[in-house]
Amino acid sequence: MSEKRSNFPLPLSSVTASGAPRTQGAHKTVVATPQTATRNAAVSAVFAPRPPQSPLPPPAAPSFNPRPATLAAPRPDMMVSDAIRRAMVQRVAKQGVADPVVLGALDTVPRHQFIDQALSAQAYIDASLPIGHQQTISQPYIVARMIEVMRNGAQLGKVLEIGTGCGYQAAVLARVAREVYSIERIKPLHELAKSNLRQLRIANLRLHYGDGMLGLPQAAPFDGIILAAAGLEVPHALLEQLAIGGRLVAPVGERNQSLQLIVRTGKAEWTRETLESCHFVPLRAGTI
């Protein structure tokens, strides 16, 4: 889960008698020092010939604008209100997400801070949006739905996210789990997520640059694992890193994808359940 004179004061020679031209006629202005320049200019104005009167009425005086001329127009993301975010959460609830903890987390994370400024006006619509490198930020409903299924009403301890992207889902996860680890394979997106999340100062979230298909064995086992990219199957390494009783939610498939819930029921036993149709970017190995 961007933007972007004449010299003053005048040199001393321009206001001294030696450097200024003398006025011809009855009146002659002589500027002795810079201190008398203002007074001499006023006197010269009295004796200067007046321009011919214009037959047109003088233009109306401009209206007074109390705002400083240097005050920039508000950024689009500054115009996003809490009410708009709450309206998004209400739409997600109407779509079937009922977990109050997940809905509350969705309400506290400013989604507009995770997308390009040019797309700020679309930050709270229920749609995925591009974040660069042929990746997207998931639609709010699917983020909430996957976390709700993984949480299953229980208190989550340690959670692993595969595919940090811009960092939005990781920020929501950090509101519902004690510890969150997130892996991103695309270096510029890893850096983008770090930048986006830094301002939120989330203490229980750790970002890693690496191959998400390998998981994070040094931090395993995990109570929950969530994938933000679709593979033809869930990597076995991730199944092994689930704690007994842990729940993994992932999109599976190529053209026709569906969300799947996998629960580890024993040392070498897992159950699988297909939930609903979805559409995600493909899961890939390696780092770039």
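Me: In which sense do strand β3 and strand β4 pair, and over how many bridges?

Reply: Two strands pair if DSSP finds at least two bridges between them. Here β3 (residues 156-162) and β4 (residues 177-184) run in the parallel sense over 6 bridges, with Leu-156 opposite Ala-177 in β4. Helices (H or I, at least four residues) and strands (E, at least two) are DSSP runs, numbered from the N terminus. Bear in mind that this is a predicted model: local features need pLDDT of at least 70, side-chain atom pairs count only at pLDDT 80 or more, and totals for chains, interfaces and linings use all residues. Residues are numbered from 1 along each chain as its sequence is written, and side-chain values use heavy atoms, leaving out hydrogens and water.

Me: What is the strand order in the open sheet?

Reply: Its 7 strands go β5-β4-β3-β6-β7-β8-β9, with mixed pairing. β5 (205-209) and β9 (269-278) are the edges; each has a single partner strand, so one side of each lacks a neighbour in the sheet.

Me: How are α2 and α3 packed, parallel or antiparallel?

Reply: Two packed helices are described by the angle between their axes and the distance between the axes. Axes are lines fitted to C-alpha atoms, for helices over the stretch in contact, and angles run from 0 to 180 degrees between N-to-C directions. For α2 (residues 82-94) and α3 (residues 100-108), the angle is about 150° and the axes are 9 Å apart. The pair is therefore roughly antiparallel (under 35 degrees is roughly parallel, over 145 roughly antiparallel, 65 to 115 roughly perpendicular, the rest oblique).
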